[in-house]
Amino acid sequence: MSENDTDDTKRPRKKDKYRKDKPWDHDGIDHWNVDEFKPEDNPHGMLEESSFATLFPKYRETYLREVWPLLEDKLKEFGIRCHLDAVEGSMTVSTTRKTFDPYIIIKCRDLIKLLSRGVPYEQASRVLEDEKTCDIIKIRNLVRNKERFIKRRQRLVGPNGATLKALELLTECYILVQGGTVSAIGSFKGLKQVRKIVEDTLKNVHPIYNIKILMIKRELAKDPVLKDENWDRFLPKFKSKNVQRKKVKIKEKKPYTPFPPQQTESKVDKELASGEYFLKQDEKAAKKRQLKDQKQEEAGQNRKRKRDKSFVPPTENKKKEKKKDTTSLADVDVEKIKKKVKFAQKKKKKISSS
């Protein structure tokens, strides 16, 4: 039995039949690690020239002019050429013969896109790092009503930018809210969280709920016991509440008529109709004074009535008198009473005799 066992162990499994040893691949290699791309990895350079261009708003021109020499020096390290056209209002990046990294042109495209959207150079240049990338989230079309959109966008920023700062610390991303877009720079994991929070906020979910969840996750990740477990039982579950809203009054549609509505009378038309238009200035002034005096007199009478109300004595509730029996002796039937008495006496006698 022991010999058979040893033979089975030596014999390869059916599925491992065509597998060969890979000396370059061993347990010590971290497959998730992104190695730095060096000029030695691509000694022949690029065969074709690739270029990207983007437009920028007028107010960014002065800042871009100041920063451009720094940008040129930075891109020279990667063998990328950049050009600023102030007349057209565009920025262009293109590869050269010295470019060795084929993906760097995509990163440079993102860099100029961020610069045109108001991101400062210090933050935008982080995109060129291997572990960093950017995401531009378009939020304008998520909410139809403009006032509601501004309110929810402000909710994302928070008072004095406190909410945005908390999100930056938890996701380890740089976030900039500008107009109808949100620009974010950071790791892939962080950007995924940022996108979810931004979209939830525009869907009327307050960012504080997502911040609370991120804080709990951060603490759980530190714990070596709970690190690899399911965290659903620790995360809070928020119920959506139906808040009572004002009922919108639906206006009844008037029947359609092809004719336009009657023109409203102007001040002159009204004066012509009443004959006031033909009065002299003195007469107009006298009429105005008369109307004013009349109004004052009415107001004075109303005030007097209100004052006199406090002097009017309250009405007293009179006690109800008991009604006396008005039935007279004349109305009483004496004969009937006599018969009743006699009948009662006879009954008594019968009962006593028995």
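Which side chain meets lysine 58 in a salt bridge? Select glutamate 61: its side chain and that of lysine 58 form the bridge, 3.3 Å from N to O. A salt bridge here is a side-chain nitrogen of Lys or Arg within 4 Å of a carboxyl oxygen of Asp or Glu.

Before you move on, note that this is a predicted model, where local features need pLDDT of at least 70 and side-chain atom pairs count only at pLDDT 80 or more, while totals for chains, interfaces and linings use all residues. Residues are numbered from 1 along each chain as its sequence is written, and side-chain values use heavy atoms, with hydrogens and water left out.

Now colour the pair by accessibility. Lysine 58 is exposed at 67% relative accessible area, whereas glutamate 61 is buried at 14%. The classes are: buried under 20% relative accessible area, exposed over 50%, partly exposed in between (1.4 Å probe, protein chains only).

**Next stop: glutamate 49 and arginine 81.** Their side chains meet in a salt bridge at 3.4 Å, N to O. This pair links distant parts of the chain, 32 residues apart: glutamate 49 sits in the loop between helix H1 (2-10) and strand E1 (51-55), and arginine 81 is in strand E2 (residues 80-85). Helices (H or I, at least four residues) and strands (E, at least two) are DSSP runs, numbered from the N terminus. Glutamate 49 is exposed, with 54% relative accessible area, and arginine 81 is partly exposed at 42%.

**Then select 131-203.** The UniProt annotation "domain: K Homology", from an unreviewed entry, covers these residues. UniProt positions are given in the numbering used here, feature names are shortened, and annotations may be inferred rather than shown by experiment. Over residues 131-203 the chain is 51% helix and 23% strand, with the end C-alpha atoms 30 Å apart.

Inside that range, go to glutamate 172, in the loop between helix H6 (162-171) and strand E5 (174-178). Check its backbone: phi is positive, about 60°, although glutamate 172 is not a glycine. Glutamate 172 is exposed, at 56% relative accessibility.

Carry on to helix H7 (residues 188-202), which holds both glutamate 199 and arginine 195, four residues apart, or about one turn of the helix. Their side chains meet in a salt bridge at 3.1 Å, N to O. Glutamate 199 is partly exposed at 24%, and so is arginine 195, at 31%. Elsewhere, salt bridges that share partners join Lys58, Glu61 and Arg65 into one network. By this rule the count comes to nine salt bridges.

Step past H7 to asparagine 204, in the loop between H7 and helix H8 (207-222). Asparagine 204 also has a positive phi, about 75°, without being a glycine. Asparagine 204 is partly exposed, at 39%.

**Last stop: asparagine 230.** Find it in the loop between H8 and helix H9 (267-274). Asparagine 230 is exposed, with a relative accessible area of 54%.
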